[in-house]
Amino acid sequence: MTSQTTLLNTRFLTAGYGPVTVLHGIDIEVNEGEIVVVLGANGAGKTTLMRAISGTIPRTGNIEFEGRSIKKDSTDAIVRAGIVQVPQGRGTFPELSVADNLLAGAYVRRDGAKAVADDIAKWYSVFPRLQERSTQRAGSLSGGEQQMLAIARALMSRPKLLLCDEPSMGLAPLITRELFNVIGQLNKEEGLSVLLVEQNANLAMHIASRVYLLETGVIVASGSAAELSADDSIRKAYLGF
Amino acid sequence: MELFLQRLVDGLSEGSVYALIALGIVIIYRGTGHLNFAQGEMALFSTFVVYQFGEWGIPIGIAVIMGMAVGFTLGAVTEVAIVRPISKKSPFAVFIVTIGLFQLLNWVDGAIWGGQQLPNTGVGSKQVRFPSLFPNNPTDFVTIFGANIKIQSLGVIALVGVLTVALFAIFNHTRLGLAMRAVAANGESAKLVGIRTGRVLMASWGLAAAIGALGGVVFAGISTNVNLGLMFTVFIYASAAATLGGFDSPGGAVVGGLSIGLIQNMAAGYAPKWVGQEMKVGVAFLVILGVLLFRPSGLFGTSRVERV
Amino acid sequence: MKPLFTIKAGGPTSWAVRVVCAAALVYVLLWIPTSGSNSLIDTATTALTLMGAALSLNLLLGFTGQISLGHSAFFGIGAYTTAVCVTRWGWSPLKTLPIAFAVAFVVGALVSLPALRIKGVYLALVTLTLGVVFPQFIKWPKIEWLTGGSRGLTDTGFKFDKNNRTFELFGWNPWGNLRGENVKPFYFWIAVVIVLIIYLICRGLVKSRVGRSLVAIRDNSTAAAVMGVNLALTKGLVFGLSAAMCALPGSLTAMKGTVTPDTALLTVIGSITFLIVMVVGGAGTLWGPIIGAIVYQFITEKTGDWVEPDKIPSLLRPFFSWSKTPPAAGIFGLSLVVLMFVAPLGLAGFWKQVVGRVVAVVPKPAGSTTLEPTAPSDGIPTWQPEEPLAEQ
């Protein structure tokens, strides 16, 4: 594990909303090529963690990405640096067509229309349902389709690190499984690094390289998926099996 | 028939100005959710600037482009320096600030160029002869089906038509347009794909004020003179147009603007006793009330206009 | 920083302060009509007129969190109701006040209802349009027989003749007299009474239980809806009341003798003036409009002749001499913008801050009523169209 290069590294990351502090000093690491899963219950601060990393809320502490501090960067600079967040729930642009959503995902890219069109074609082949609906408004898609669109849109920027905020939320178990399979596949085939926060432990554990447990804004345990599943008390308290 | 054609052209030419200002209202509303009450006054200020350029001997065509640049700057600076910081406080504060700007800009126009302040209906205001973009002598008309149509009016319709097509091309086929639509659809997600939402909003306000400047110049041309109340009634009609078309629909703003122009001119023309010149603005009032009663999201707006 | 003095609310010091203030107020109110010049009485009457209108506008903001740009129309409805009743049917002007109140109430409630059912800027828009339509409507040829069209109506006020009663008090009449020799104090006193009525209605509502629940509704419409309150209807009624109160000072302008549709306060200028008075004084505070009206009228009159550079005080001359129009409109336009940054609660809020530095008022135990519910705790009046639609 240590031979891998560290991609993302937070030290004492603290964030919240106005006077309310939600995250109390989070230390996490994501190495290149890993899928890191942060598990936590409702209100543990999962979404806040995502937002703090992607810079949509003010934060203190340090965040390093590829060895460079991105603590002071704005959201758009962080996206250009290669971290893209898939927002929770329906984070699509509902009034825009599916194709325009994907185009918007490539907003930060400067490598020309041809390369962008090629990528759109590529993600259409991964998510054939999106191609069928390419001219429809994103708002008219089903929940699962919107989630796929959100992921495809994020991937359009060719990120080095994908942040996924509860991709299973509101989706049928079958669709969730399909989604996690796709993420796992992308990780294996494209070497995509992923930081994923989830409530739904069972599925997420399958694809995780490492797991953190987040409880009321504090990391309470960490380790490989196997290590955590092996620990009885943790398994009962957090994984429910 | 002649009368109908004349009213049609008059209605469309006035309506196209309403459409321009309504487009500005919609662009800003989509981006920030604010109704900029100073929209018309920003346009009036730019119009006076164009007039001043004309006085200095700059050809009207160039003066208009310079005026639009001034308008863009005015809009962009307003967004960055005033509206953005204040919108963190409350929507109420933004509302008051746009009213304040309305009052301030109107006063500035009067202070520099003279005339009675504030939007009266032009009573007692100093009237300034305005250079027209198109030939506008009494002999400059074409005869269609026996109706004498002013070249001026046709020019206005054509110009606004071209500008509208260009705007929609920007919306639908450029990076800026994509960013603007993304910000309007979902501001947070727009940030997450790397769009600098601040710059987009700044550009939106600038763009809105720039097309407003053109609208002002064109309207001043139709009215042949400029006074301090010029753009105020236009703003009212444009708001009615935006309400009719749907506050978040640019296409709706254009359709709404043209409709309001037509309805108002036809009503005033065919029912002179009932509507006449006095109650033209009553048409706008009834349209707004009617739309709110029966179809709050307007003709083309999304139903995000929520009920309380 | 620790305040220099502390005063217990309801304690003797507090009462002493109140008594002194009240005495000063009564003294000023008596001094103006008896010893002030005619122009001062006029100024004071105009300020009181603005006060009344701004107070009614403020009630709307305080209770529904919404703003009207059409109160000039209700002001005008008051003026024309009085004018029509007096000229067409020979009523006594004072008796037209309740009619003006009722007419404005009905029109206000009817016009506001469709807009109040919808979130967003619609009420402001509808009322703005109403403000524009009103003077045009008055000029409408179809109703010229009633309103006198654009020429307006004359002889709309009191008939002064030698046979009227004088209401003298030991040969002294601080209220002017109805025989036409000294009528300005008379208008002044009507204005005082109107403002007093409006102030008492506002104060009563704000401090009553009904008022408190209304404020709760404003601050949390979902909770109110759950409680089964018909939000639109309630807001419509408040709007109606606000409109009705605004008609009273409007009536007063008609009582002075003439009304035309182009009178500034009857056009949108009026609406904007009321708004300025309210915001400069302090939107959402009970005393704001009162302070605002005095300041507004003072500055407007002081700067009225600043078009000629030599009328401008020499210190200020370089700043204002370029202007071709009096600077008041610009000053107030700018101050709306600036106030929102530095003092959202206007001069009243600013005053409270300053006094708060020097004097601390210790409130009575919980359950008492010394706070003003119109000022939300964060110091900024909330406004109903909460979030930009784009963020939903």
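Guide: The questions and answers that follow concern a predicted model.

Visitor: How many helices and strands does chain A have?
Guide: Chain A has 241 residues, of which 56% count as buried. Among its contacts between residues at least 6 apart in sequence, 68% join residues at least 24 apart. Its secondary structure comes to 10 helices and 10 strands.

Visitor: How many helices and strands make up the secondary structure of chain C?
Guide: Chain C has 392 residues, and 54% of these count as buried. Among its contacts between residues at least 6 apart in sequence, 76% join residues at least 24 apart. The secondary structure of chain C comes to 15 helices and 2 strands.

Visitor: Which residue in the turn between strand 1 and strand 2 of chain A has a positive phi?
Guide: Strand 1 (residues 6–17) and strand 2 (residues 20–31) of chain A pair in the antiparallel sense over 9 bridges. Within this pairing, A:L13 stands opposite A:I26 of strand 2. The two strands form a hairpin with 2 residues between them, and the turn residue with a positive phi, about 55 degrees, is A:G18.

Visitor: Which strands are the edge strands of the open sheet of 6 strands in chain A?
Guide: The sheet has the order 6-7-8-3-9-10, with mixed pairing. Each edge strand pairs on one side only, and the two that do so are strand 6 (83–86) and strand 10 (218–224) of chain A.

Visitor: Which residue of strand 7 of chain A is the bridge partner of A:V86?
Guide: Strand 6 and strand 7 (residues 161–165) of chain A run parallel and are joined by 4 bridges. Helix 6 (residues 143–155) of chain A lies across both strands, running at about 170 degrees to strand 6. The bridge partner of A:V86 in strand 7 is A:C164.

Visitor: Which three residues supply 33% of the area that chain A buries against chain B?
Guide: In this interface, 26 residues of chain A are in contact with 18 residues of chain B. The area buried between the two chains is about 1900 Å², of which carbon and sulfur atoms give 59%. The three residues of chain A that supply 33% of its share, more than any other three, are A:F93, A:E95 and A:Y107.

Visitor: Which residue of chain B meets A:D76 in a salt bridge?
Guide: Between chain A and chain B the count is 3 salt bridges, and 6 residue pairs are in polar contact. Helix 1 (46–54), helix 2 (75–81), strand 6 and helix 3 (98–105) of chain A each supply at least two residues of the side that touches chain B. The side chain of A:D76 meets its partner at 3.1 Å, N to O, and that partner is B:R196.

Visitor: How many residues apart in sequence are the parts tied together by A:D111 and A:R158?
Guide: The side chains of A:D111 and A:R158 meet in a salt bridge of 3.7 Å, N to O. A:D111 lies in the loop between helix 3 and helix 4 (112–126) of chain A and A:R158 in the loop between helix 6 and strand 7, so the parts tied together are apart in sequence by 47 residues.

Visitor: Is A:E190 buried or partly exposed?
Guide: A:E190 and A:K122 meet through their side chains in a salt bridge of 3.2 Å, N to O. A:E190 lies in helix 7 (residues 173–190) of chain A and A:K122 in helix 4, so the pair ties together parts that are 68 residues apart in sequence. With a relative accessible area of 46%, A:E190 is partly exposed.

Visitor: Which helix of chain C holds C:K184, the salt-bridge partner of C:D42?
Guide: The side chains of C:D42 and C:K184 meet at 3.1 Å, N to O. C:D42 lies in helix 2 (residues 38–64) of chain C, and the pair ties together parts that are 142 residues apart in sequence; C:K184 lies in helix 7 (residues 184–207).

Visitor: Which side chain is joined to that of C:S72 by a polar contact of 2.8 Å?
Guide: C:S72 lies in helix 3 (residues 71–89) of chain C. Its relative accessible area is 0%, so C:S72 is buried. Leaving aside neighbours within four places in sequence, its contacts include C:G131, C:L265 and C:F274. The polar contact of 2.8 Å joins its side chain to that of C:S271.

Conventions: Residues are numbered from 1 along each chain as its sequence is written. Chains are lettered from A and ligands numbered from 1 in the order in which they are written. This is a predicted model: local features need pLDDT of at least 70, side-chain atom pairs count only at pLDDT 80 or more; totals for chains, interfaces and linings use all residues. Side-chain values use heavy atoms; hydrogens and water are left out. Buried means under 20% relative accessible area, exposed over 50%, partly exposed in between (1.4 Å probe, protein chains only). A polar contact is a pair of N or O atoms within 3.5 Å; within protein, one must be able to donate a hydrogen and the other to accept it, and residues adjacent in sequence count only if both atoms are side-chain atoms. Contact means heavy atoms within 4.5 Å. Two strands pair if DSSP finds at least two bridges between them. Axes are lines fitted to C-alpha atoms, for helices over the stretch in contact, and angles run from 0 to 180 degrees between N-to-C directions. Buried area is the accessible area (1.4 Å probe) that two parts lose on being put together, summed over both. A salt bridge is a side-chain nitrogen of Lys or Arg within 4 Å of a carboxyl oxygen of Asp or Glu.
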